[in-house]
Amino acid sequence: MQFNSASFLLLAMPAAVIGYFLLGKLGRKPAQIFLVLGSLVLYAQGGWKGLCLLCCSIAGNGLLCLWMKKAAKGRRAILWLGILMHVGVLVAYKYLDFAGEIFGNLLGRTLQFPQFALPLGISFFTFQQISYLVDAYQGKTEGNTALDYLLYSTYFPKLLMGPIVRQDALLVWFRAEKGMEADSDRIAAGLQRFVYGLFKKVILADLFSNPATWLKAPEATSVELILAAMAYGFQIYFDFSGYTDMACGFSEMLNIRLPENFRSPYQALSMRDFWKRWHMTLTGFFTEYIYIPLGGSRKGSLRTYFNTMLVFLISGLWHGANWTFVLWGALNGALCIFDRLTEKYRKHIHPAFSWMVTFCAVNVLWILFQADSVGQWLECIRSIFSFEKMSVGGKFLAASVTPALNFLFALPGFRSLWAFSGKLCVFCLFGGSLALCLGARNTAERTYAVNWRTAVWTAILLILCLTCMNGNAVFVYNGF
Amino acid sequence: MKKEKKWGWLRLLLGVFLVLFALIAAVGWYVDPYMRYHAPRLDKFYYFYASEDERAVNPAIARYIPTEGLITGTSMTENFKASEAEQLFDVPFQKLPLPGAFFGEVSDLLETTLQTNPDMKIAVRSLDMYNFDKTEDCTPENGAFYLEPLSWKDPFAHVQYLFNQDLLYGKTLPMLLNALGGGQTGITDFDSYCYWGHMYDYGANSVLAAMTVQEFSNPEQAHMTREEEAAIRDNVERNVRALAEQYPNTQFYCFFPPYSAAWWGTRQSNGVLTRQLEQERLVIELLLPCENIHLFSWNAEKQLTCDLNNYMDTIHYAPWVNSWMLEQMAAGKGRLTPENYGSYLEAERILYETFDYGGLFDQEDPLGNTISDFFEN
């Protein structure tokens, strides 16, 4: 079940919060069992096959952890067996087709492997299972009960799309002294953050999802492609950071604090800065489990560059099984290495220029991120920089407004504004969104006031989002 | 005391939310643009519909708005004008097309209309030749905005309807504002409803660009199988004849949409021309015994089907063909009877088995959409 659905908003979320705290009066265990079962029920809305895989992954990983705990020798082998099991499942579901294409090309024949529907959140829960296994190997899970393990593995707010969280960072909140007491402050703050996240997804991300499709429109002009690239950049940011806000906000209502995933990434002044602000928990996972074990930056410059590139290549592959993602990872890695190499020479460059270059680079790479092939990306880049056609057509303008905005622009007063210049209205939407990314305070850093104004404002935003929900609008990161 | 204030925040939020929720739901229920809850308030609002509303609203129109004549079928019926049918047949008409529909879905819609209007006089219906053996009740998803029937067992279906962005901002609120401003009332007229005739170019360039084969050929032709024959008998019996037998006072004007020669050439190139002709013979023989079914076909009209200027792709004809067909039906021309259907099928077979399909590539495509003399005379 998605956060941006009426059934979640009106039924699942209130039921989860009320049920959790009511059962919490009976004790932690009933409330936590309720949370585990509730999470599985919500996950099952995506299909029973995905639920079976999740259960098998949890059961297999749990057994390996138990085995590791009891084994006097060979703990390292069990760890690797577990990692191979998880990576193997991920490969089977996500990469077989791609592997078939690669090996088929190498062997000069067509290789066809069976294809499975990708279960929701497989990349996220697989990484978290690996994380738990590594922690078990390092003895960091001593004292965890089976219920703790199930809570960590199934906790719904972070199950589908993160944030990727370590077991100790999550379980500490379930053990907090007053964790079972409903806290009106935290519920108010969590609800406000959830609604801001919903607004980002339903109003902003879905608004930009239409013009973003113009990146694949053969008739698009250079200016339309630039706007479409920006639209995709806004879409993916509002979509994913909106999801994170909803996950963190919902979790906050349950007195569970999830780690942050975004820190105003479009304010970054360099690529390395960007990756410290974008999908922070994934970057953290790669840093902790790949970059640092490989030596990080402790083994000289060359090794640092190699490690950086390897992490970004894996990050690219994690996002999808296509050469576009591999190249996207490689280019991000290359830009981060370039960033390191030129760091001391860039001190006198004006921050505005650094920001502009970084923002453009990120958006050019986002085009690759959504392209079906590297050739399509190159063609798109060629079309943008050819500057052959500089107009913005009526079809693009029409694609840039949702039914709600259409209604707004048809109202007296606004009608004349749209008639005066539809282009101006659309540019204002883009400019406003950019200003939001650059100027507004990050939702994670805000303080959420509890007064009558915020209550009314939150209710209005919530009802606005409810009326703008598109039943088919899935999250971009659902595909990973 | 302070805590009490904080819970008050949540109560205030809930209160405001519930008031707004109830207000929007009430407005949605009252205006009810797709008539999910009640008959349309034609004297208060203007119900405007376009092609994307067809599947959502047709059953409701059939249920609530009385009529004596109906035009229905696939996209082959979208360019008919109800006003022309009214003039020719002298009864009020509605046009409720279902693009891409199989016989079963059209039959369901017809049945709903007939239940509301048991004394309906005329139903004009297309029988698409590529659908003869498609026995499924539902049409595959075609991207149309389709709402499931609302049931109180699923309260979220009501939320999805009442709070749907496209409906609320695209229909409910504009209808409400129009009514408050004293605007027009009523419903989209059945001439312009789903009409796309003015949106496309017609002629060889459009048709040949839409073709699925690059060149015509004449491989060995397959025959109709026993399974196909059984499927067609079942399809025609359940979805065409049954209604005619149930409503003997309604006259069913059924017609085979006259696809272009390019379509027939594609059938031949795919090795299924003979099978197609055998299927058509079977359907004709199944329908002719019904006295209240008037079956029409103009497939053998060479000047119509072999002139690509009458088409926007291999099957979709220009609106002047719709007007012409209505006139033909009203005049009883092109009607198949037990006496003439044999000669019709033979003429059709000879035309499409011997036609020089390669010549279609050389057809001229004059600038602008041209109505040939065939229709003006």
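User: How many salt bridges does the rule find across the interface of domain 1 of chain A and domain 2 of chain A?

Analyst: This is a predicted model, and the domain assignment of chain A gives domain 1 as 6-180 and domain 2 as 187-270 + 346-479. For salt bridges across the interface, the number that the rule finds is zero.

User: Which element gives the most residues to the side of domain 1 of chain A that touches domain 2 of chain A?

Analyst: The elements that give two or more residues to this side of domain 1 of chain A are α7 (156-159), α8 (167-174) and α1 (6-24) of chain A. By class, the side has 22 nonpolar, two polar and two charged residues. With eight residues, the element that gives the most is α1(A).

User: What area do domain 1 of chain A and domain 2 of chain A bury between them?

Analyst: The size of an interface is often given as the accessible area lost when the parts come together. Here 26 residues of domain 1 of chain A are in contact with 26 residues of domain 2 of chain A, and A:Met161, A:Pro163 and A:Trp173 supply 29% of the area that domain 1 buries against domain 2, more than any other three residues. Of the area buried between the two domains, 78% is on carbon and sulfur atoms, and the total is about 2,300 Å².

User: How many residues apart in sequence are the parts that A:Lys200 and A:Asp245 tie together?

Analyst: A:Lys200 forms a salt bridge with A:Asp245, with 2.7 Å between the closest N and O atoms, and both residues are buried, that is, under 20% relative accessible area. Because A:Lys200 lies in helix α9 (residues 184-212) of chain A and A:Asp245 in helix α10 (residues 222-253) of chain A, the pair ties together parts whose separation in sequence is 45 residues.

User: Is B:Arg238, the salt-bridge partner of B:Asp234, buried, partly exposed or exposed?

Analyst: The closest N and O atoms of B:Arg238 and B:Asp234 are 3.0 Å apart, and both residues lie in helix α8 (residues 226-246) of chain B, four residues apart, about one turn of the helix. Buried would need under 20% relative accessible area and exposed over 50%. B:Asp234, with a relative accessible area of 33%, is partly exposed, and B:Arg238, at 36% relative accessibility, likewise counts as partly exposed.

Terms used
Residues numbered from 1 in each chain as written. Chains lettered and ligands numbered in written order. Predicted model: local features only at pLDDT ≥ 70, side-chain atom pairs only at ≥ 80, totals over all residues. Heavy atoms only, no water. Salt bridge = Lys/Arg side-chain N within 4 Å of Asp/Glu carboxyl O. Buried < 20%, exposed > 50% of the residue type's maximum accessible area, 1.4 Å probe, protein only. Domains from an automatic or database assignment. Contact = heavy atoms within 4.5 Å. Buried area = accessible area lost by both parts, 1.4 Å probe. Nonpolar A, V, L, I, M, F, W, Y, C, P; charged D, E, K, R; others polar.
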